[in-house]
Amino acid sequence: LLQQIAVAQAHRKFYDDSSTTLKRYVENGFEERDKEQLVTSIVMAQIKNRDYETALATARTLGSYMTLQIQYLTLEAVAKAQVGKHDEAKQILNVAITLANEQKVETVQKMAFMHIAEAQAKIGWHDGALDAARRAGPENLFALLGSIGVNEAEAGHKESARQTMQAIDELLRSAVDTCLRNGTEPERDRCLLKLVNELGDHRFFHLARSAAGKISAIPERDLASRRISNFGAKYLNSDLQDLILK
């Protein structure tokens with residue numbers, strides 16, 4: 001009951017009352033997940049009221065436990081943009097970005113920027129999406145750029161999708177160059193084979209074949225080819241590059 005009251009008060013802009021009700025709820029004992037969902041509901045009510053600074057202050061009460069909240073914010077931003085409310089969408093994403101920047105737990109911050117990047121791609125904010133993707137960490141970059149490109153293509157942002165594919169090509173060239181700077185031929189081939197596996201697992205079969213072509217030793221090159229074929233069969237040969245550039 002206290003949860004429902006707190007959210008209803010927030011909808012009616014009785015924020016002090018809502019805060020007091022939330023405090024009473026916390027004092028009565030709660031599961032951490034329940035608190036996260038309740039605070040998220042209050043934040044979303046404040047967002048709907050366009051009280052962004054208040055929403056940001058409320059969101060901060062969760063500290064490190066706000067991945068779900070940031071995800072909800074990005075979904076709300078996309079929903080606003082889809083009905084033409086781009087200024088509101090930008091304000092909501094600004095709240096999400098501020099919260100993500102404030103996260104001290106690296107894994108939480110990276111997950112937050114993954115959600116932000118995908119939301120920006122759906123809205124068509126290409127530069128922001130690429131920046132958020134880089135903030136999500138290099139270990140996620142091929143996968144996230146692929147997701148951004150597909151989201152942009154499906155949302156009809158064809159030029160943005162094409163630019164994202166260019167960014168993926170540049171990332172591949174950089175990764176291949178890094179491998180080729182390794183000291184010995186076996187080390188270079190192992191690095192390239194690892195890159196082939198990553199590309200194949202993220203459904204970039206054309207790019208994986210390009211990387212495999214740089215492998216010097218015939219046995220390793222054959223192994224790379226077999227792995228690409230296995231990934232192709234696993235994903236029904238649905239290459240992300242084709243989806244991005246469709």
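Author: Hello! Let's begin with a word we will need: a residue is buried when its relative accessible area is under 20%, exposed when it is over 50%, and partly exposed in between. Please keep in mind that the structure above is a predicted model.

Reader: How do you know what kind of bond C179 and C191 form?

Author: Look at their sulfur atoms, which are 2.1 Å apart. A pair of cysteine sulfur atoms within 2.5 Å is taken as a disulfide, so C179 and C191 qualify as one. Going by that rule, the count is 1 disulfide.

Reader: Let's step back to the whole chain. How many helices and strands are there?

Author: The chain has 14 helices and 0 strands. Of its 246 residues, 45% are buried. Its C-alpha atoms fill a box of roughly 70 × 40 × 30 Å along the principal axes.

Reader: How do you know what confidence the chain has?

Author: The score to look at is pLDDT, which runs from 0 to 100. The chain averages 89, and 96% of the residues score at least 70. Confidence is lowest in helix α2 (residues 15-27), with a mean of 78, and highest in helix α12 (residues 205-212), at 96.

Reader: What makes up the largest nonpolar core, and which residues have the most contacts inside it?

Author: That core has 75 residues, and L73 and L199 have the most contacts inside it. To belong, a residue must be buried, be one of the listed types such as Leu, and be joined through side-chain atoms within 4.5 Å. Leaving aside neighbours within four places in sequence, the contacts of L199 are F142, L172, F204, L207, A208 and A211. In soluble globular proteins, nonpolar side chains tend to be buried together.

Reader: How do you know whether α9 is mostly covered or mostly open?

Author: Count its residues: 11 of the 14 in α9 are buried. Among them are F142, N151 and E152. The buried residues of α9 pack against α7 (106-123), α8 (126-135), α10 (158-180), α11 (185-201) and α14 (240-244).

Reader: How does the reach of helix α9 compare with what is expected?

Author: From its first C-alpha to its last, α9 (residues 141-154) reaches 20 Å, close to the 20 Å expected at 1.5 Å a residue. After α9 comes G156, with a positive phi near 90°.

Reader: Which residues of helix α4 are buried?

Author: In α4 (residues 52-59), the buried ones are Y52, A55, L56, T58 and A59. They span an arc of only 165° around the axis, which means they lie on the same side of α4.

Reader: What makes Q69 buried or exposed?

Author: Q69 has 0% relative accessibility, so Q69 counts as buried. It lies in helix α5 (residues 67-82). Not counting residues up to four places away in sequence, Q69 touches E36, V39, T40, V43, A59, L62 and L99.

Reader: What about H86: buried, partly exposed or exposed?

Author: H86 has a relative accessible area of 39%, so H86 is partly exposed. Its place is in helix α6 (residues 86-102). With residues up to four places away left out, H86 touches A81 and W125.

Reader: And L236, what makes it buried or exposed?

Author: L236 has 73% relative accessibility. The cut-off for exposed is over 50%, so L236 counts as exposed. L236 is in the loop between α13 (218-234) and α14, and has a positive phi of about 55° although it is not a glycine.

Methods. Residues are numbered from 1 along each chain as its sequence is written. This is a predicted model: local features need pLDDT of at least 70, side-chain atom pairs count only at pLDDT 80 or more; totals for chains, interfaces and linings use all residues. Side-chain values use heavy atoms; hydrogens and water are left out. Buried means under 20% relative accessible area, exposed over 50%, partly exposed in between (1.4 Å probe, protein chains only). Contact means heavy atoms within 4.5 Å. pLDDT is the predictor's confidence in each residue, from 0 to 100. Helices (H or I, at least four residues) and strands (E, at least two) are DSSP runs, numbered from the N terminus. The expected span of a helix is 1.5 Å times one less than its number of residues. The arc is that of the directions from the helix axis to the C-beta atoms.
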